[in-house]
Amino acid sequence: MRHDGTTRPGSGGRRAVAARCRALTEARWFGLTVFALILANAAVLGVETYTGVVHRWQGELKLVEHGFLVLFTGEVLLRLGAYADRPRAFFRDPWNVFDLAVVLCAFLPFARENTTVLRLLRLARVLRTARFLPQLRIVLVAVGRSLPGTVSFLLVGALVLYVYAMVGWVFFAAHDPGHFGSIGRAVLTLFLLMTLDGLGDAVRAGLEISRWSIVYYASYVLIASFVLVNVLIGVVITSLDEARTMEERYDEDARRRAGADPRAGAGAQSGVGPRAEAETEAAAPEPGAPDGAEHELRARIATARRALDELEESLARLPGARR
């Protein structure tokens, strides 16, 4: 609705299409069906690794692949239709962008001509299972958020590895050239020792050279295998907690918007106008944004504007009111 009281052309049709598509995509059976299709697609990919099956059923497998592509394309179109009244909101959800990219890449000419690229793109569909598994989605988000801390961990680990490799080359290169004959061999030896693989043999070989080698190996194992690994675990756990908090806030905001969204059907019964709908959507916080007094104040302002909108419409319906 414009400020002069008229409705934007085509807005009612878009809202109707969005409501129908949203009711379909948010249905439980729809999600389960798409999830089953993704698993079936993964099974077909596994079957195609057997050469005999591919040679015998090549035409059938290609037909099945085209069927999966059609179904996944239809699913993405339905999800796009659910945002027909607010297209920009579709791209705010990273999973929507990921789904759209996976499906569209299958239609690119270079992907269709390159078998390896096409198989990798088809394999990317398997990752879409995270959309329907909240716990897996939390883990993936946690992995992404832990990347900065992981990079810092790798830099510190590389520094420790290089320093100990140089020290090992200085003291053990002449007596144990197979493990410390060069900086590269020393780094490889210490990298394997980081996993405690062959630690006993390395310590025995070091004791044959010098009894002080036990200090070298003990300090390295303590720093590399215990301190640094525990730091990495701490980074991952912290990121996992942050991802879980973000997921809870996202679900809470989605439920809040769904409960206050007039386009879902509640607004049509209460008589809330489209202007109040836009104001309510603008007042709602973005997914992952921290809740606070500002958002609560915006929600109250949106409620007051809805009330004023209802009052304005009631006055307009009175007999003798000015048009």
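Biologist: How many aromatic pairs does a search of the whole structure find?

Modeller: The search finds eleven aromatic pairs, where rings of Phe, Tyr and Trp (its six-membered ring) pair if their centres lie within 6.5 Å, and planes under 30 degrees apart count as stacked, over 60 as edge-to-face and the rest as tilted. This is a predicted model, in which local features need pLDDT of at least 70 and side-chain atom pairs count only at pLDDT 80 or more, while totals for chains, interfaces and linings use all residues. Residues are numbered from 1 along each chain as its sequence is written, and side-chain values use heavy atoms, with hydrogens and water left out.

Biologist: Why is the pair of Tyr164 and Tyr216 called tilted?

Modeller: The ring centres of Tyr164 and Tyr216 are 5.5 Å apart and the planes stand at 50°, so the pair is tilted.

Biologist: What makes this pair a tie between parts that are apart in sequence?

Modeller: Tyr164 belongs to helix α11 (residues 147-172) and Tyr216 to helix α15 (residues 213-260), so the pair ties together parts 52 residues apart in sequence; helices here are DSSP runs (H or I, at least four residues), numbered from the N terminus.

Biologist: How do you know whether Tyr216 is buried or exposed?

Modeller: Buried means under 20% relative accessible area, exposed over 50%, and partly exposed in between (1.4 Å probe, protein chains only); Tyr216, at 9% relative accessibility, therefore counts as buried, and Tyr164, at 15%, is buried as well.

Biologist: Which residues do ring pairs link into a cluster?

Modeller: The cluster consists of Tyr164, Phe172, Phe180, Tyr216, Tyr217 and Tyr220.

Definitions and conventions:
Helices (H or I, at least four residues) and strands (E, at least two) are DSSP runs, numbered from the N terminus.
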